[in-house]
Amino acid sequence: MALTYPECLQAIEVVLATDSVPTIVGEAGIGKSALVAELAQKRGAKLFTTVVSLVEKGDLVIPVPPLTSDSFVQTKYFGRLADVQFGYSHTLVALIRQAEAHPDQEIIWFLDEFNRGTQAVQSELMNLVLQRQINGLQLPQQVHLILAENPDATMAGFAASHYGVTPGDAAIVDRTTRLVLQADSTTWLTWATTQVAGVPRVSPLVTTYLTDHPAELTGTVTQATPDDDLRPTPRAWTRVSSLLRELDHRNLLGQAALVQELIRGNLGDAVGSAFAGYVLDHRVTLTVAEAYTAPDAVTRFTQLTLAQQQRLLAQAVESQQDWPLTTGRWAQRFDELLRVCPPDGQFAIARAIAQAPNLLEELQAQTATVPAVAKLYAELTAIGQRGSQIEV
């Protein structure tokens, strides 16, 4: 049975508490690395990551010849022997230095894409999992290992997987706890809509679409064509969000062919085509700059759909560096556009302003000297009061 993101996070903590090693199994881009990063942050641990698929044998530990004459041992019957020493990778050196400098801080060593490494590399890492040592180097007690793997066709429930993996050694499989991570649209959407520096992590075009089509977070409903070698993943949707914002910045969202190819190149043909059509239908056809400067901006704004109006005003809230609402001219135009929106839209924008760091406080500070800002602030206050009454 697969676990959601929060469930997997809890399960890993239970496994670590028993001094065992968890192995997270999940599709590429599903959020395994993000989960481990969140776990490290939550526990106040120092995180080291090694992508095993990129490691060659000898990258972590490599034999070096004797460095002094003391390294040679003369035997009575078997000749002269060399006591071979080992050189360690930067990761291991940094990890040991961290452990010595901060003996009370937990360390997490994340071995990502473990089963995509060669058999030789997996064998080299085997002692880390089995005996917590590698060529004489003992891992400090505060180091926790976490493995991540892509699905293997030999694993239960993944018979259709086609990743280029090297099935793990039975000894490692037997000594780790396998935790299967599944895509969880509810958790992902909560993360994606959270604001960072006043801006949602992921474009509202993406989150609104996936709210209505949650199964397409991983393309489990829309059937791909036989030639479609791409499927959407949470990571791919995040990339698409960045592309949409860049296209919007360059005023290229109206170029259908360009938009479609960029989206399909990340999500695959089936889901990509469907979402590209959604973007072209719901994109804002009035830019923030035009909304503030065009003489017919208010008239054009009234012709937009409610979703487009909200998206444009949300973009305006995100554009304080170029169009600060503490400036009377921009405050007046924003207020004119806000009054066009229906009550639900007004409340959504007022809430976005309230959530933007320090913006509401900056507006309040200007109310005594800038009449247009005072008018906008009063309108936002009234909208907030009406919205609170409706919610109650």
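Tutor: Helices H7 and H8 are oblique to each other, a class left over once angles under 35 degrees are called roughly parallel, over 145 roughly antiparallel and 65 to 115 roughly perpendicular. H7 covers residues 204-212 and H8 residues 234-249; the angle between them is about 135 degrees and their axes lie 9 Å apart. Axes are lines fitted to C-alpha atoms, for helices over the stretch in contact, and angles run from 0 to 180 degrees between N-to-C directions. Helices (H or I, at least four residues) and strands (E, at least two) are DSSP runs counted from the N terminus.

The model is predicted: local features need pLDDT of at least 70, side-chain atom pairs count only at pLDDT 80 or more, and totals for chains, interfaces and linings use all residues. Residues are numbered from 1 along each chain as its sequence is written, and side-chain values use heavy atoms, with hydrogens and water left out.

From H7, the residues in contact (heavy atoms within 4.5 Å) are Pro204, Leu205, Val206, Tyr209 and Leu210, and H8 contributes Trp237, Val240, Ser241, Leu244 and Arg245. The contact of H7 with H8 divides by class into 8 nonpolar, 1 polar and 1 charged residues. Here Ala, Val, Leu, Ile, Met, Phe, Trp, Tyr, Cys and Pro count as nonpolar, Asp, Glu, Lys and Arg as charged, and the others, Gly among them, as polar.

H14 and H15 have axes that come within 9 Å and cross at roughly 140 degrees, which makes H14 oblique to H15. Phe334, Leu338 and Arg339 of H14 meet Gln346, Ile349 and Ile353 of H15. Of the residues in the contact between H14 and H15, 4 are nonpolar, 1 is polar and 1 is charged.

Phe334 and Ile353 also belong to the largest nonpolar core, which has 33 residues, and these two touch the most other members. A nonpolar core is a set of buried Ala, Val, Leu, Ile, Met, Phe, Trp, Tyr and Cys residues joined through side-chain atoms within 4.5 Å. Buried means under 20% relative accessible area, exposed over 50% and partly exposed in between, with a 1.4 Å probe and protein chains only. Two or more residues of this core come from each of H11 (288-293), H13 (306-318), H14 (328-340), H15 (343-355), H16 (359-366) and H17 (371-391). With neighbours within four places in sequence left aside, Phe334 is in contact with Tyr292, Leu313, Ala316, Val317, Leu325, Ile349, Ile353 and Leu376. Another core, of 23 residues, lies apart from it and includes Leu189, Leu247, Val259 and Ile263.

Next comes the sheet. Five strands form an open sheet with parallel pairing, in the order E2-E7-E10-E1-E11; two strands pair if DSSP finds at least two bridges between them. E2 (46-51) and E11 (176-180) stand at the edges with a single partner strand each, so one side of each has no neighbour in the sheet. Direction ignored, neighbouring strands are turned by 25 degrees against each other on average.

E10 (143-149) pairs in the parallel sense with E7 (107-112) over 5 bridges, and Phe110 stands opposite Ile146 of E10. H1 (5-17) packs on this sheet, touching E1 (21-25), E10 and E11, and its direction makes about 155 degrees with that of E1. H2 (32-43) lies across E1, E2, E7 and E10 and runs at about 175 degrees to E7. E1 and E10 run parallel and are joined by 3 bridges, with Val25 opposite Glu149 of E10.

In a regular strand the side chains alternate between the two faces of the sheet. In E10, Val143, Leu145, Leu147 and Glu149 on one side and His144, Ile146 and Ala148 on the other are all buried.

Asp19, between H1 and E1, counts as exposed at 62% relative accessibility. Its C-alpha atom is 7.9 Å from that of His144, 125 residues away along the chain.

Most residues other than glycine have a negative phi. Glu113, not a glycine, has a positive phi of about 50 degrees; Glu113 lies in the loop between E7 and H4 (119-130) and is partly exposed at 23%. Arg132, also not a glycine, has a positive phi of about 60 degrees; Arg132 lies in the loop between H4 and E8 (133-134) and is partly exposed at 24%.
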